[in-house]
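Here is a short briefing on a two-chain model. Please keep the sequence and the coordinates open while reading.

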Amino acid sequence: MRLQNQTGAFQALGVALALMAVFITGGWGAAPSNAIAALTGAVFLLVIHHLLGWTRHNAPWVMALFLLVMASNLSIAGARLTMRAAPEAWFGAAVVAVWLLAWWLVAQLSEAPRVRGILGKLQALLAPILFGATLLWLWEVIVRALDVPRVILPAPSAIWARILRSTDILWVDFVQTFVKGALSGYAIGVAAALVFALAVDRSDFLRRGLLPVGNFLAALPIIGTAPIMVMWFGFDWPSKAAVVVAMVFFPVLVNTVQGLAATEAMQRDLMRTYSATWAQGLLKLRLPAAMPFIFNGLKIASTLALIGAIVAEFFGSPTRGMGFRISTEVGRLQLDMVWAEIAVAALAGSLFYGMIALVERWVTFWHPSQRGR
Amino acid sequence: MRNIFPVLTVTAALIAFWYAAVIPMNAQWAQDQARRAGTELGFAALVTDTMTQARPRLPAPHQVAHELWNSTVVEEMTGRRGFMNTGSLSNRSLIYHGWVTLSATLLGFAIGSALGIALAVGIVHNRAMDASVMPWAIASQTIPILAIAPMIIVVLNAVGITGLVPKAIISTYLSFFPVVVGMVKGLRAPDQMQLDLMKTYSASGPQIFAKLRWPSAMPYLFASLKVAIAAALVGAIVAELPTGASAGLGARLLSGSYFGQTLQIWAALFAAAILAAGMVALIGLIQRITLKRMGMAV
């Protein structure tokens with residue numbers, strides 16, 4: 001019963017069983033010896049850990065050292081295994097063992113007491129980073145071991161090599177699609193939605209009419225207007241920006257209108273007793289109160305913007321741009337280039353989202369959701 | 001119901017704006033035609049001409065409605081390949097293309113929401129999953145899946161998976177995320193007091209889940225299902241774009257843009273909008289009935 005209550009006990013059991021399977025299926029002779037040694041050492045430590053019941057009662061540095069040793073064992077075993085291209089029985093068992101060990105580590109990391117300050121923030125990042133690294137490693141190992149054809153799924157290392165080799169093309173595509181198409185469309189769409197929301201806000205009648213219609217329009221497949229926009233604005237980036245404007249407009253509008261209505265009657269009355277003008281009331285009370293809603297809309301719109309700009313390029317574009325590159329390289333079966341573009345898009349999208357989230361923290365520091373947990 | 005009058009007014013204003021926009025958008029072409037024919041267009045003639053072009057830059061609302069009617073009811077009733085003449089849906093009708101898209105959407109939506117619910121249950125009950133899966137679920141959404149839809153379709157075709165499933169996979173990917181986020185929030189909605197009460201009853205884990213967490217997650221579930229099904233439809237449409245698929249609303253959009261058939265594009269667009277609105281309304285109806293039976297209706 002005691003064992004069952006410890007975190008990661010089942011994973012530890014799994015690692016031990018998988019290691020036994022490696023031995024039984026003849027991995028002792030076949031496997032790279034240091035991979036097996038690292039795994040065996042890890043299992044040995046695991047058994048000690050669970051038998052002694054090392055938990056959060058131990059000094060933090062003991063735990064940290066222990067986790068560090070486990071992580072290095074894990075990376076040695078993992079790195080050795082990627083060298084192999086041999087889908088034999090022991091190989092599968094060894095991969096499963098490494099995977100379970102990584103899982104065990106993630107479980108330990110997420111259970112460990114949080115350190116205060118900046119180290120604690122880094123600590124919170126460790127578990128997801130380890131999880132992601134394990135996924136990438138599994139991808140690499142499986143692609144290599146099963147010898148998956150390059151035209152179906154390239155390995156992460158091949159994609160990384162491709163990124164390094166063609167930074168110039170990636171940069172040109174990035175400027176064309178993200179900076180010219182997505183960012184300009186995003187700026188125009190958001191500005192238009194904010195201005196429109198302020199205009200709508202002055203009339204209760206318009207607000208009640210526009211909110212349901214706007215909500216309805218926001219749920220529609222607006223991306224389908226891409227061919228129309230290409231027809232109207234030509235092949236170059238203005239048509240992409242137009243699609244982005246159309247996609248971004250309604251989420252921001254609906255959220256802003258909702259946010260401007262979020263103040264209580266009591267608060268508005270207080271502004272009136274101060275004999276505040278409409279502009280003063282807006283600037284000092286209603287706009288700040290609307291900020292959490294507005295930022296919600298901005299975040300939703302940020303992911304839509306990149307998607308809109310890329311998909312619009314499928315309907316016609318100059319010979320550069322992420323969407324253009326993706327659709328042509330798929331045709332030429334250069335999948336590593338496609339994945340390189342995807343990596344750039346994912347990185348750009350995450351950074352864009354992260355920046356908006358940072359500004360949100362700075363603007364709406366007073367909101368409950370921004371307080372430290 | 002007090003919103004119905006404002007909503008109708010706004011809709012009417014939108015349609016009026018649309019009609020007003022049709023004239024300048026199509027005027028250029030009408031003037032060119034008139035100049036070529038050596039005639040001068042008066043304002044009235046210009047307006048009627050802009051409303052009736054065969055390939056307008058911006059079709060008038062009634063033209064779109066007419067095209068929708070023609071490519072659904074008329075095509076199936078009287079068309080050479082229509083339902084009445086051949087017993088199967090015509091490949092030129094939007095009913096057929098809409099059904100192709102709808103089936104992929106529904107399959108993807110079903111898988112996606114099941115996956116989303118399962119992930120949310122795991123995240124709520126397992127701390128390791130909470131710490132490691134949730135950041136990646138968020139990160140997974142920054143990958144513009146719609147942009148890599150062509151690659152996924154081509155790759156799956158290469159492995160021998162064709163037809164409905166690749167499109168459904170894209171829909172799944174788009175629809176699982178709203179469900180995860182909504183369900184995590186919903187399953188965590190019961191407050192400490194309610195959880196403590198369950199503990200005083202010495203309820204087991206599954207009992208707490210079935211009698212407290214699951215019921216209190218229902219409003220959140222339906223809200224996110226509405227978002228998810230709209231996303232699933234977008235996924236299915238975009239998945240039909242790049243590979244030269246011959247059927248589906250996305251394929252209609254693409255062929256319309258190749259051949260400059262603006263009416264066809266707009267009709268497909270409105271068919272998609274009607275589908276989306278219909279599915280969201282259907283989920284809303286199920287939500288109302290369910291919540292009413294659970295005594296949670298507002």
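This is a predicted model. In chain B, 71% of the contacts between residues at least 6 apart in sequence join residues at least 24 apart. In chain A, the figure for such contacts is 79%. Both chains are helical, with zero strands in chain A and zero strands in chain B.

**Confidence**

- Chain A has a mean pLDDT of 78. In that chain, 84% of residues reach 70 or more.
- Helix H9 of chain A, residues 167-201, has the highest mean pLDDT among the elements of its chain, at 89.
- Helix H1 of chain A, residues 2-5, has the lowest, at 48.
- Where pLDDT is low, predicted coordinates should not be read in detail.

**Chain B: overall make-up**

- Chain B holds twelve helices. From the N terminus on, its elements run α-α-α-α-α-α-α-α-α-α-α-α.
- Of its 298 residues, 40% count as buried.
- The chain is divided into domain 1, residues 1-58, and domain 2, residues 94-293.
- The centres of domain 1 and domain 2 of chain B are separated by 38 Å, taken over C-alpha atoms.

**Chain B: helix H8**

- Helix H8 of chain B covers residues 164-187. Its 24 residues should span 34 Å at 1.5 Å a residue, and the 32 Å between its end C-alpha atoms agrees with that.
- H8(B) has a kink of about 25° at B:Ser175.
- H8(B) is largely enclosed by the rest of the structure, because 20 of its 24 residues are buried.

**Chain A: overall make-up**

- Chain A comes to 16 helices.
- Of its 373 residues, 42% count as buried.

**Chain A: helix H12**

- Helix H12 of chain A covers residues 237-260.
- H12(A) bends by about 30° at A:Phe249. A proline, A:Pro251, follows within four residues.
- H12(A) is mostly covered, with 22 of its 24 residues buried.

**Chain A: residue Asp336**

- A:Asp336 is found in helix H16 of chain A.
- Is A:Asp336 buried or exposed? A:Asp336 counts as buried, because it has 20 C-beta neighbours inside 10 Å.
- Leaving aside neighbours within four places in sequence, A:Asp336 is in contact with A:Pro154, A:Ala158, A:Ile159 and A:Arg162.
- A:Asp336 and A:Leu122 are 214 residues apart in sequence. In space, 32 Å separate their C-alpha atoms.

**Interface between the chains**

- How many residues of chain A are in contact with chain B? On the chain A side there are 49, in contact with 44 residues of chain B.
- The elements of chain A giving two or more residues to this side are helices H6 (89-111), H7 (117-145), H10 (204-218), H11 (226-233), H14 (278-312), H15 (322-331) and H16 (335-363).
- H16(A) gives the most to the side of chain A that touches chain B, with eight residues.
- The residues on that side divide into 37 nonpolar, ten polar and two charged.

How values were computed. Residues are numbered from 1 along each chain as its sequence is written. Chains are lettered from A and ligands numbered from 1 in the order in which they are written. This is a predicted model: local features need pLDDT of at least 70, side-chain atom pairs count only at pLDDT 80 or more; totals for chains, interfaces and linings use all residues. Domain bounds come from an automatic or database domain assignment. pLDDT is the predictor's confidence in each residue, from 0 to 100. Two residues are in contact if their C-beta atoms, placed from the backbone, lie within 7 Å. Ala, Val, Leu, Ile, Met, Phe, Trp, Tyr, Cys and Pro count as nonpolar, Asp, Glu, Lys and Arg as charged, and the others, Gly among them, as polar. The expected span of a helix is 1.5 Å times one less than its number of residues. The bend at a residue is the angle between axes fitted to the seven residues ending there and the seven starting there. A residue is buried if 20 or more other C-beta atoms lie within 10 Å of its own, exposed if 12 or fewer, and partly exposed in between; C-beta atoms are placed from the backbone.
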